[in-house]
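Subject: Structure handover

Hello,

Here is the structure I promised to pass on. Please open it first, then read the notes below it.

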Amino acid sequence: MKTKELSSLTADELAAKEKQLKKDLFDMESHRQMGRVEKPASFRNLRRDIARILTLLNERRINGNKS
């Protein structure tokens with residue numbers, strides 16, 4: 001997911017998206033333990049998307065921007 005796409009979302013939508021991505025990452029980790037991972041690169045992509053969301057939320061908190 002691109003940063004430009006994420007920046008158009010509200011803080012509540014970003015928080016919900018973060019929660020969903022963390023759940024997906026947890027599910028993928030459990031599949032990895034069973035040896036059933038189809039796309040190993042998707043772990044990195046999910047972690048990066050979560051980091052992007054957290055960065056945007058932190059920037060908004062620091063700047064006081066509520067949108």
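A salt bridge here is a side-chain nitrogen of Lys or Arg within 4 Å of a carboxyl oxygen of Asp or Glu. Please keep in mind that this is a predicted model. Side chains of opposite charge can pair when their charged atoms come close. A search of the whole structure finds 4 salt bridges. I go through some of them below.

Start with Glu-18. Glu-18 sits in helix 2, which spans residues 11-34. Its salt-bridge partner is Lys-22, and the closest N and O atoms of the pair are 3.0 Å apart. How many residues apart are Glu-18 and Lys-22 in helix 2? They are 4 residues apart, so about one helical turn separates them.

Is Glu-18 buried or exposed? Glu-18 is buried, because its relative accessible area is 12% and buried means under 20%. Lys-22 is another matter: its relative accessible area is 43%, so Lys-22 is partly exposed.

Which residues does Glu-18 contact, leaving aside its neighbours within four places in sequence? They are Ile-50, Ile-53, Leu-54 and Leu-57. Helix 3 covers residues 41-63.

Stay in helix 2 for the next pair. Arg-32 and Glu-29 form a salt bridge through their side chains, at 4.0 Å from N to O. Both residues belong to helix 2 and lie 3 residues apart, about one turn of the helix. Arg-32 has a relative accessibility of 40%, so it counts as partly exposed. Glu-29 is partly exposed too, with a relative accessible area of 29%.

Now move to helix 3. Asp-49 and Arg-52 form a salt bridge there, and their closest N and O atoms are 2.8 Å apart. The two residues are 3 apart within helix 3, about one turn of the helix. Is Asp-49 buried or exposed? Asp-49 counts as buried, because its relative accessibility is 12%. Arg-52 reaches 30% relative accessibility and so counts as partly exposed.

To recap the pairs: Glu-18 bridges to Lys-22, Arg-32 to Glu-29, and Asp-49 to Arg-52.

Best wishes

Terms used: Residues numbered from 1 in each chain as written. Predicted model: local features only at pLDDT ≥ 70, side-chain atom pairs only at ≥ 80, totals over all residues. Heavy atoms only, no water. Buried < 20%, exposed > 50% of the residue type's maximum accessible area, 1.4 Å probe, protein only. Contact = heavy atoms within 4.5 Å.
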